[in-house]
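Open the model in your viewer and keep the selection panel at hand.

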Amino acid sequence: MSSGFQIMPKTAIQKSKTSSSSSSSSPDLAVKPQPRPSDKLNPKTIDPFGDNSRAPSAFSAIYSKGGIPCRLVHGSVKHKLQWECLPETLPFDPLLITLAEGLKETKHPYTFVSKEGFKELLLVEGATEKAIPLLPRLVPVLKTALAHSNGEVFERGLNALVQLSAVVGPALNDQLKHLLTSISKRLMDKKFKEQITVALQKLEQYGGKESVAIIKSKIPTYCSISS
């Protein structure tokens, strides 16, 4: 006689327990999906309030607020700056120093605006008289760019130094020694050796005979253009 009671196989009982356990588990105990490596490279998945977000640099913040009176104009061949007013009418203090601080930037458009703005401002009439009083404040800023680990930042700092030297001439000599230490360290890199040599020759050309002794005190291997 059949009692209607059926004995379930052992495997069926195990599957039933597993199914029941998973369905009754709390959502809090569910395994959360792990972030993919590509998430770090995809801006859409970056949490702007996370640890990876960085505060804007001083220069980028000033530029975004309109504190730099020029804007980048994209050209088909090359870019250029459009000034809101004639550059010769602008005060060098603090604009020239702010542009020098922007040389440390590594992102577009700040890299272009800072280096091009610094160069163009030094080309205006009366730049020498305006720039010389700022040297004690400009030199530490340029020194930071020259000591930067980023090679492109170093190159911008070196070019800016040569441009400044062409404008202020021997007036830079008293501050020159503070910049040469960072430059001498880059001489070890073959990538910058030729560029540095040309820059040192320009510094001698604009700084006069007095600059030779200053350069040699920090870079003994330098060969003067007058020798």
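Among contacts with a separation of 6 or more, 66% join residues 24 or more positions apart. The model is predicted, so treat every value here as computed from that model.

**Whole chain**

Colour by secondary structure. The protein chain holds 10 helices and two strands. Step along the sequence and the pattern reads α-α-β-β-α-α-α-α-α-α-α-α.

The accessible surface of the protein chain is about 15,000 Å². Carbon and sulfur atoms own 55% of that surface. Then colour by burial: of the 227 residues in the protein chain, 36% are buried.

**Stop one: α7 and α8**

Select residues 151–168 for helix α7 and residues 173–186 for helix α8. How are two packed helices described? By the angle between their axes and the distance between the axes. For α7 and α8 the angle is about 130 degrees, and the axes lie 12 Å apart. The two helices are therefore oblique to each other. Their crossing is left-handed.

Show side chains next. Which residues of α7 meet α8? On the α7 side, pick Gly151, Phe154, Leu158 and Leu161. On the α8 side, pick Leu179, Ser182, Ile183 and Arg186. Sorted by class, this contact has five nonpolar, two polar and one charged residues.

**Stop two: α9 and α10**

Move along to α9, residues 190–207, and helix α10, residues 209–218. Their axes come within 6 Å and cross at roughly 145 degrees. Is the crossing of α9 and α10 left-handed or right-handed? Right-handed.

Select the contact residues. From α9, take Leu200, Leu203, Glu204 and Gly207. From α10, take Lys209, Glu210, Ser211, Val212 and Ile215. By class, the α9 contact with α10 has four nonpolar, two polar and three charged residues.

**Stop three: inside α10**

Keep α10 selected and hide the rest. Which residues of α10 are buried? Ser211, Val212, Ile214 and Ile215. Of these, Ser211, Val212 and Ile215 are also on the α10 side of the contact with α9.

Bring the neighbours back. The cover over the buried residues of α10 includes α8 and α9. That takes you back to α8, the partner of α7 at the first stop.

Conventions:
Residues numbered from 1 in each chain as written. Predicted model: local features only at pLDDT ≥ 70, side-chain atom pairs only at ≥ 80, totals over all residues. Heavy atoms only, no water. Axes fitted to C-alpha atoms, helices over the stretch in contact; angles between N-to-C directions. Helix = DSSP H or I, 4+ residues; strand = E, 2+ residues; numbered from the N terminus. Parallel < 35°, antiparallel > 145°, perpendicular 65-115°, else oblique. Left-handed = near helix turned anticlockwise from the far one by under 90°. Contact = heavy atoms within 4.5 Å. Nonpolar A, V, L, I, M, F, W, Y, C, P; charged D, E, K, R; others polar. Buried < 20%, exposed > 50% of the residue type's maximum accessible area, 1.4 Å probe, protein only. Areas by Shrake-Rupley, 256 points an atom, 1.4 Å probe, with all protein chains shown as cover.
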